[in-house]
Amino acid sequence: MVMEAAAVRVVAVRASRSHDSRRVAVATRKGPYNRSVMTSVMEAPARAKYEAVIGLEVHVQLLTASKIFCSCSTQFGAEPNTNVCPVCLGMPGALPVLNRRAVEFATLASMALGCTINQTSIFARKNYFYPDLPKGYQISQYDKPLAERGVIEIAVAGGKKKIGITRVHMEEDAGKSLHDGFPDSGEKTAIDLNRTGVPLIEIVSEPDIASADEAYEYLTLLKEIILYTGVSDCNMEEGSLRCDANVSVRPKGQREFGTKVEIKNVNSFRFIREAIEYEIGRQVELIESGGKVVQETRLYNADEGKTYGMRSKEQAHDYRYFPEPDLLPLVVDEKWQAEIRSQLPELPEARRARFVSEYGITAQDAGVLTQSRALADQFEAAAKAAKNPKRVANLVQGELAGRLKAKGIEIGESPVTMAGVAMSADLVESGAISGKMLKDLYDLAFERGKDFPAVYEEEGRPQQSSDTSALEKIIDEVIAGNPKQVEQYRAGKTTLMGFFVGQVMKASKGKANPAIVNELLGKKLA
Ligand SMILES: [Zn+2]
């Protein structure tokens, strides 16, 4: 479907709608952000007189196979306008049928965010005109959302802080305007309606967030929790997670909120943090110089590190919400809620605490190992199988993480699996291989793209030498070959022990058991 010129003008004026985030995402992904822009905006003393009030609205796409009100596929990247039908094209007379899976996913996410589920919620029409919204309205929820009153606890300096979640409601996504990539893109805007009707939840926070860093922390935890539930892939590049921020400032101690500005279409958590930081500074500077903050929507330009006003913010009543007459009230009764609740996985925070107590690892290690549910599951399986869980955790962080980073791959793509890590941990634990041998085997595994057990076999099951008579022979040779160092050592330069151990290890081609080498050297050099 190609919109003619008349519609293009509308697009140009109103290109900032939230569902248009992908286009903006491309436009803002260019250069590195210049931090000096941000800090130069405001002198610190003036800023210290003010406090920021921030609320976040996060849209999350649910991972259902079909759309929210029809059976069209939700597959990302399909040929434009192929995943469509009379319902999602908004044809007259076509009726929506609610996707049960979408309700379950939305409810599960709401529960994970600590919300109370409303047994009855109401779908409502949000009316506005936009070329990629064929019906002329979006089916959303308004005064009776699916869920309310949740909480996310974030870490702040000196403790924890609760950020309230006002509501979680369900809605359908709109289509996508394509402003470039076609021969006639100069005059026309193309519309892809594949995304129309894809199920979303909108998670609205209370204005409890007081800084850009708190916003970043909140978003990171929110994403982590949603990922654990498995209801969304939260892929920001593909628009599965989008965030808008409402930012205002007020003099410290004042109860009333200042005038808020909405920042839309920021495509990474880092940019959101920067945009909020910039916006707080801009508002304080404006007020300090006698100006007034205007309620409006602003876009963040990541190249310049600045926000720009787009249009004045329409009031809620501009959307003329009314209950959707084609859908019954949504009832998620206690029985259904209990069924959904039984699918709730152990959430990241709880899992971290348990890892610390159950496997005796540090809170920091637990944080790394619970970054994704898959990794945590794999770690747990390996730790349970291994003799020493702590060693498994150390190997993941020490040997695996660095090599993955160097290769630029995720843990899910690691040639060495968690089972491989468990095996290698046991070999070190039993003294069969040394730490040096383990490192070499990991290097080979990454070079060959093979798991640890396979490489261990290929290398002929190497063993470190604990054969004392063989080691004694090597040690005697090393001592005979380095008389000067022996003399210095015996004269009190005991730091030379490292040199002797190194020589023995080298002579044994890394196979000597360092503990035994140390012990034997100590005796012979005494
Ligand atoms: Zn459809």
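Student: How do the residues lining the second largest pocket divide into nonpolar, polar and charged?

Tutor: They split into 10 nonpolar, 5 polar and 5 charged. Here Ala, Val, Leu, Ile, Met, Phe, Trp, Tyr, Cys and Pro count as nonpolar, Asp, Glu, Lys and Arg as charged, and the others, Gly among them, as polar. A word on sources: this is a predicted model, where local features need pLDDT of at least 70, side-chain atom pairs count only at pLDDT 80 or more, and totals for chains, interfaces and linings use all residues. Residues are numbered from 1 along each chain as its sequence is written, and side-chain values use heavy atoms, with hydrogens and water left out.

Student: Which residues lie nearest the centre of the second largest pocket?

Tutor: Q371, S372, L375, E410 and I411, from a lining of 20 residues. The largest share of that lining, 5 residues, comes from α12, while α6 (212-229), α11 (373-385) and α12 (389-407) each supply at least two residues. Helices are DSSP runs (H or I, at least four residues), as are strands (E, at least two), numbered from the N terminus.

Student: Why is C234 called buried?

Tutor: Buried means under 20% relative accessible area, exposed over 50%, and partly exposed in between (1.4 Å probe, protein chains only). C234 has a relative accessible area of 2%, so C234 is buried. This residue sits in the loop between α6 and β12 (241-251), and its phi is positive, about 50°, although it is not a glycine.

Student: What makes N81 partly exposed?

Tutor: The relative accessibility of N81 is 25%, therefore N81 counts as partly exposed. N81 is placed in the loop between β2 (50-61) and α5 (100-112). Its phi, near 60°, is also a positive value in a residue other than glycine.

Student: Which residues of helix α8 are buried?

Tutor: In α8 (residues 334-341), the buried ones are W336, Q337 and I340. They cover an arc of only 100° around the axis, so they are on the same side of α8. That arc is taken from the directions from the helix axis to the C-beta atoms. On the other side of α8, E334 and K335 are exposed.

Student: What covers the buried residues of α8?

Tutor: The cover includes α5, β3 (116-117) and β17 (330-331).

Student: How many residues does the largest nonpolar core have?

Tutor: The largest nonpolar core has 71 residues, and L56, L113, M170, I203, Y218 and I276 have the most contacts inside it. Such a core is a set of buried Ala, Val, Leu, Ile, Met, Phe, Trp, Tyr and Cys residues joined through side-chain atoms within 4.5 Å.

Methods:
1 Å grid on protein atoms, 1.4 Å probe; cavity = no way out; pocket = protein on both sides within 12 Å on 5 of 7 lines; lining within 4 Å. Contact = heavy atoms within 4.5 Å.
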